Amino acid sequence: AQREADLAAYPSGLHIYCIDDSEAARRLLDYNMRLWADTENVRVFGKDVTEVATFKDCVMEDGDIAFLDQHLEYGGDDNVLGTDIVEELLERGYKGLICIRSGNVAEEDLAKYDAAGAHCAFGKDVAMRKVIEDMKVAYTRYTIKTQSRPTTPLHQHSLSHEDFLPGSVNSLSQFI
């Protein structure tokens, strides 16, 4: 019953920014986020390493949800970890929900995502509809914990990641 209430409370029109180095994944994210996340405000990045900076700037400007692939592989020194982007976003004061999507979701991987500051993580083997439903639940629960009205975009609030998850050991699973 709580899951259904959380899904019903999820606001429409959020700004969702995704980054993935795979063209097929970017197309799937764009299509499925628009279909299942109740918004047209979806942008996908990751075609090349130059889009990493653009992604970060857009997320900081008005992102409600940042959705990142963990391994952005562009070759040589141009490989980027999603967890490094997560840490930078938080250092810059990002207040929205942060999700990692990776083929690596063993316990030690989840611990790395959590330590970086991600709020939830999804395996690439999970159906997109399920991922997005879980993301919506996580967003609603995150907003309830960080503000009184979950219909206001998160980027308009001043709580930090530490305010939300003080000393949390297993924060990734507490929202879904």
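The legends below describe close-up views of a predicted model.

**Figure 1. Overall arrangement of helices and strands in the protein chain.** The protein chain contains seven helices and seven strands. Read from the N terminus, these elements follow the order α-β-α-β-α-β-β-β-α-β-α-β-α-α. Of the 176 residues in the protein chain, 49% are buried. When contacts between residues at least 6 apart in sequence are considered, 66% of them join residues at least 24 apart.

**Figure 2. Packing of helix H3 against helix H4.** Helix H3 spans residues 50-62 and helix H4 spans residues 82-91. The two axes lie 11 Å apart, and the helices pack at an angle of about 40 degrees. This angle makes H3 oblique to H4. The crossing of the two helices, H3 and H4, is right-handed. On the H3 side, the contact is formed by Val 52, Phe 55, Lys 56, Val 59 and Met 60. These residues meet Ile 85, Glu 88 and Leu 89 of H4. By class, the residues of the contact of H3 with H4 comprise six nonpolar and two charged residues, with no polar ones.

Figure 3. Thr 83 belongs to helix H4. The residue has a relative accessible area of 9% and is therefore buried, the cut-off for this class being under 20%. With residues up to four places away in sequence left out, Thr 83 touches Gln 70, Ile 100, Lys 112, Tyr 113 and Ala 116.

**Figure 4. Crossing of helix H1 and helix H6.** Helix H1 covers residues 2-9, and helix H6 covers residues 128-146. Their axes come within 8 Å and cross at roughly 85 degrees. H1 and H6 are therefore roughly perpendicular to each other. H1 contributes Gln 2, Arg 3, Asp 6, Leu 7 and Ala 9 to the contact. From H6, the partners are Lys 130, Glu 133, Asp 134, Lys 136, Val 137, Thr 140, Arg 141 and Ile 144. The residues of this contact of H1 with H6 divide into seven charged, four nonpolar and two polar.

**Figure 5. Surroundings of Thr 140 in helix H6.** Thr 140 is located in helix H6 and is among the residues of H6 that meet H1. Its relative accessibility is 1%, so Thr 140 counts as buried. Apart from residues up to four places away in sequence, Thr 140 touches Asp 6, Ala 9 and Tyr 10. Of these, Asp 6 and Ala 9 are also listed in the contact of H1 with H6.

Figure 6. The structure holds zero disulfides. For Cys 18, the closest cysteine sulfur is in Cys 99, at 9.0 Å, which is too far for a bond. Cys 18 is buried, with a relative accessible area of 0%. Cys 120 likewise is in no disulfide. The nearest cysteine sulfur to that of Cys 120 belongs to Cys 99 and is 3.0 Å away, whereas a disulfide requires the two sulfur atoms to be within 2.5 Å. Cys 120 also counts as buried, at 0% relative accessibility.

Notes. Residues are numbered from 1 along each chain as its sequence is written. This is a predicted model: local features need pLDDT of at least 70, side-chain atom pairs count only at pLDDT 80 or more; totals for chains, interfaces and linings use all residues. Side-chain values use heavy atoms; hydrogens and water are left out. Axes are lines fitted to C-alpha atoms, for helices over the stretch in contact, and angles run from 0 to 180 degrees between N-to-C directions. Helices (H or I, at least four residues) and strands (E, at least two) are DSSP runs, numbered from the N terminus. Angles under 35 degrees count as roughly parallel, over 145 as roughly antiparallel, 65 to 115 as roughly perpendicular and the rest as oblique. A crossing is left-handed if the near helix is turned anticlockwise from the far one by less than a right angle, and right-handed if clockwise. Contact means heavy atoms within 4.5 Å. Ala, Val, Leu, Ile, Met, Phe, Trp, Tyr, Cys and Pro count as nonpolar, Asp, Glu, Lys and Arg as charged, and the others, Gly among them, as polar. Buried means under 20% relative accessible area, exposed over 50%, partly exposed in between (1.4 Å probe, protein chains only).
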